[in-house]
Amino acid sequence: MISTKEKILNEAEKLFAEQGFAETSLRMITAKADVNLASVNYHFGSKKTLIQAVFERFMDRITNDISHEMEQLALKEEPIEVADVLQTLKQPIKNLDKFRPDGAGVFMNLLGRSYAETQGHIRRFAMDKYSHVFNRFVGFLQISSPHCEPSEMFWRLHFMLGSFIFSLAGHKALQEIAESDFQQSVSIDQIIDKLIPFMSAAFSHNEAGF
């Protein structure tokens, strides 16, 4: 049986991903979850804390999986390439679909909205709790891209995240276009496989754009 807290999280997750954070009220969430407002206040205290709890469910899962992938990468005897580092994201992203319905798409939508709606508290929350994973990932990128200055690394990371978020948040639309225009059935795996060499080339390029 689903707990009241889970009901709230499940409906908040869907509404935040579909409608955005600003456009989703607590009353909309309670109506969908069939609970009263007092339940939200009891379990979360505020809308901001609820937003963070929605992210935490995904972030706990994906950062744990990315950490495992990076442990395997650290054992690699050959020089680490940018593509090797980006590959550590593939299985963790796929695993989100086992965790939640359309988990990868929903999570990427949430990330995209957190950027577009300038939800600074989410970034602070994520960095406070998951910075050790992020910093290790960036460390591997620096090893594989020694030519990249810190400021340039910031921009390339930003563009990489944008590519991932845009492509995977809208993966269903991409799959429909591939099917209707090119008669290709494309999985999330294959979309990620197409993204990795594209982003690897951007990271490997020696010239900064600024």
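Reader: Which domains does the domain assignment of the protein chain give?

Author: The assignment gives domain 1, residues 1–45, and domain 2, residues 52–204. The model is a predicted one. Between the centres of the two domains, taken over C-alpha atoms, lie 27 Å. Domain 1 brings 12 residues to the contact, and domain 2 brings 14.

Reader: What makes Glu13 and Arg57 a salt bridge?

Author: A side-chain nitrogen of Lys or Arg has to be within 4 Å of a carboxyl oxygen of Asp or Glu. For the side chains of Glu13 and Arg57 the N to O distance is 2.8 Å, so the pair meets the rule. The count between domain 1 and domain 2 is two salt bridges. Seven residue pairs are in polar contact across this interface.

Reader: How much area is buried between domain 1 and domain 2, and what share do carbon and sulfur atoms give?

Author: About 1100 Å² is buried, and carbon and sulfur atoms give 61% of that. On the domain 1 side, Glu13, Ala17 and Phe21 supply 58% of the area buried against domain 2, more than any other three residues.

Reader: Why are residues of helix α6 called buried, and which ones are they?

Author: Buried means under 20% relative accessible area, so a residue below that cut-off takes the name. In α6, residues 90–99, the buried ones are Lys90, Pro92, Ile93, Asn95 and Leu96.

Reader: What covers the buried residues of α6?

Author: The cover includes α4 (47–74), α5 (82–87), α7 (103–116), α9 (150–169) and α11 (188–204).

Terms used: Residues numbered from 1 in each chain as written. Predicted model: local features only at pLDDT ≥ 70, side-chain atom pairs only at ≥ 80, totals over all residues. Heavy atoms only, no water. Domains from an automatic or database assignment. Contact = heavy atoms within 4.5 Å. Buried area = accessible area lost by both parts, 1.4 Å probe. Polar contact = N/O pair within 3.5 Å; in protein donor to acceptor, adjacent residues only side chain to side chain. Buried < 20%, exposed > 50% of the residue type's maximum accessible area, 1.4 Å probe, protein only. Helix = DSSP H or I, 4+ residues; strand = E, 2+ residues; numbered from the N terminus.
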